[in-house]
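Please look through the sequence and the model below.

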Amino acid sequence: MMKKFLAEYIKKDGNRNVVLLIAYLIIQTAAFSILLPNFMTVSNFQNLMRQSAELGMVSIPLAIVLMTGNIDLSIGSVMGVCAISMARMLRAGLPIPAAVLLTICIGALAGSLNGFCVAKLHLDGLVATIGTQVMLRGFCYILTGGRSVSGLPSEFTRVSKMYVLGVPISFLLMLAIFAAAIFVMQKTRIGIQVHAVGYNARASRFSGIEADKIKFRLFVMSGCVAAIASMFMLMRFASAESEFASGYDTDTLVAILLGGIDIAGGSGNMLGAFLGLITVAILKNGLNHIGMTATYQQFIVGLLIVISAVRLPKKRD
């Protein structure tokens with residue numbers, strides 16, 4: 001009975017990667033537990049949840065963008081601009097609610113720029129978002145002047161230390177967003193349209209689906225979520241610098257590709273993306289405990305990208 005259920009489950013879109021990742025997660029967690037005495041502790045898992053919350057948030061819109069056959073490589077730079085802008089606003093004495101609202105607007109504006117380039121100018125998503133990535137990172141240097149922005153109010157930074165039943169509120173928010181995304185992508189018309197656009201954008205237009213409008217809105221959503229994630233990251237570090245969130249683009253992409261999201265668009269599911277995120281988060285946490293340097297970790301992350309690409313279905317003609 002269980003064997004038949006598993007066989008049927010694997011046949012469905014993206015579920016093969018879900019099963020493989022669950023098996024890999026069990027092996028990976030067991031290995032780190034044996035090698036590291038302090039790995040299976042409450043404090044380590046709380047730290048792991050805090051560190052993975054922001055990465056998980058930005059993985060959600062990127063996964064959906066990938067399902068349309070596009071990509072957003074500017075997420076780290078968007079987070080940098082949002083965090084630095086918010087830090088400067090708070091330093092200037094702007095009330096926290098106003099700073100939060102303006103920061104989300106900045107993220108939406110950055111997402112709108114990407115959406116305009118892809119949906120209206122019909123530029124390739126890779127080219128467009130690499131351009132905005134470099135441009136916004138340069139803007140980060142302009143905003144900071146090469147110096148970190150610190151001295152944030154304690155009522156803002158202490159939010160990152162709040163827990164509900166031992167779970168950080170940032171991680172709970174990430175779980176809520178993931179749950180909503182899983183429901184929308186699997187149970188609603190919007191999810192069907194996103195998959196249709198990714199599978200064949202031209203055919204979807206003949207079906208009455210406004211592909212360009214969907215792409216534009218998804219990039220705006222990506223910018224807004226990146227802004228929210230940058231706030232929680234800013235709370236953790238209590239300062240922002242020009243390289244803030246640098247490398248998040250790669251880590252997010254690795255997590256999503258491991259989860260079985262097809263970079264060619266049209267297939268994959270959000271549960272796989274979530275498991276890919278957990279896989280990357282636990283791996284990096286364990287490697288940090290082992291004492292592996294960032295240079296070697298970067299090599300392993302690159303290797304994971306290659307492995308995940310091999311697993312992806314072939315691009316449709």
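Is Phe-39 buried or exposed? In this predicted model, Phe-39 has a relative accessible area of 1%. Buried means under 20%, so Phe-39 counts as buried. Phe-32 is buried as well, at 6% relative accessibility.

These two residues also belong together as rings. A pair of aromatic rings is described by the distance of the centres and the angle of the planes. For Phe-32 and Phe-39 the centres are 5.5 Å apart and the planes make an angle of 40°, and the pair is classed as tilted. Together with Phe-45, Phe-32 and Phe-39 make up one aromatic cluster.

In total, the structure has three aromatic pairs. One of the pairs is formed by Phe-178 and Phe-274. Their ring centres lie 5.1 Å apart with the planes at 75°; planes over 60 degrees apart count as edge-to-face, so this pair is edge-to-face. Phe-178 sits in helix H8 (residues 169–187) and Phe-274 in helix H13 (residues 270–290), so that the pair links parts of the chain 96 residues apart. Both Phe-178 and Phe-274 are buried.

Two packed helices are described by the angle between their axes and the distance between the axes. The axes of helix H9 (residues 189–199) and helix H11 (residues 211–237) cross at roughly 110° and come within 10 Å. H9 and H11 are therefore roughly perpendicular. On the H9 side, Gln-193, Val-194 and Val-197 make the contact; on the H11 side, Ala-211, Ile-214, Lys-215 and Leu-218 do. By class, this contact has five nonpolar residues, one polar and one charged.

Definitions and conventions: Residues are numbered from 1 along each chain as its sequence is written. This is a predicted model: local features need pLDDT of at least 70, side-chain atom pairs count only at pLDDT 80 or more; totals for chains, interfaces and linings use all residues. Side-chain values use heavy atoms; hydrogens and water are left out. Axes are lines fitted to C-alpha atoms, for helices over the stretch in contact, and angles run from 0 to 180 degrees between N-to-C directions. Helices (H or I, at least four residues) and strands (E, at least two) are DSSP runs, numbered from the N terminus. Angles under 35 degrees count as roughly parallel, over 145 as roughly antiparallel, 65 to 115 as roughly perpendicular and the rest as oblique. Contact means heavy atoms within 4.5 Å. Ala, Val, Leu, Ile, Met, Phe, Trp, Tyr, Cys and Pro count as nonpolar, Asp, Glu, Lys and Arg as charged, and the others, Gly among them, as polar. Rings of Phe, Tyr and Trp (its six-membered ring) pair if their centres lie within 6.5 Å; planes under 30 degrees apart count as stacked, over 60 as edge-to-face and the rest as tilted. Buried means under 20% relative accessible area, exposed over 50%, partly exposed in between (1.4 Å probe, protein chains only).
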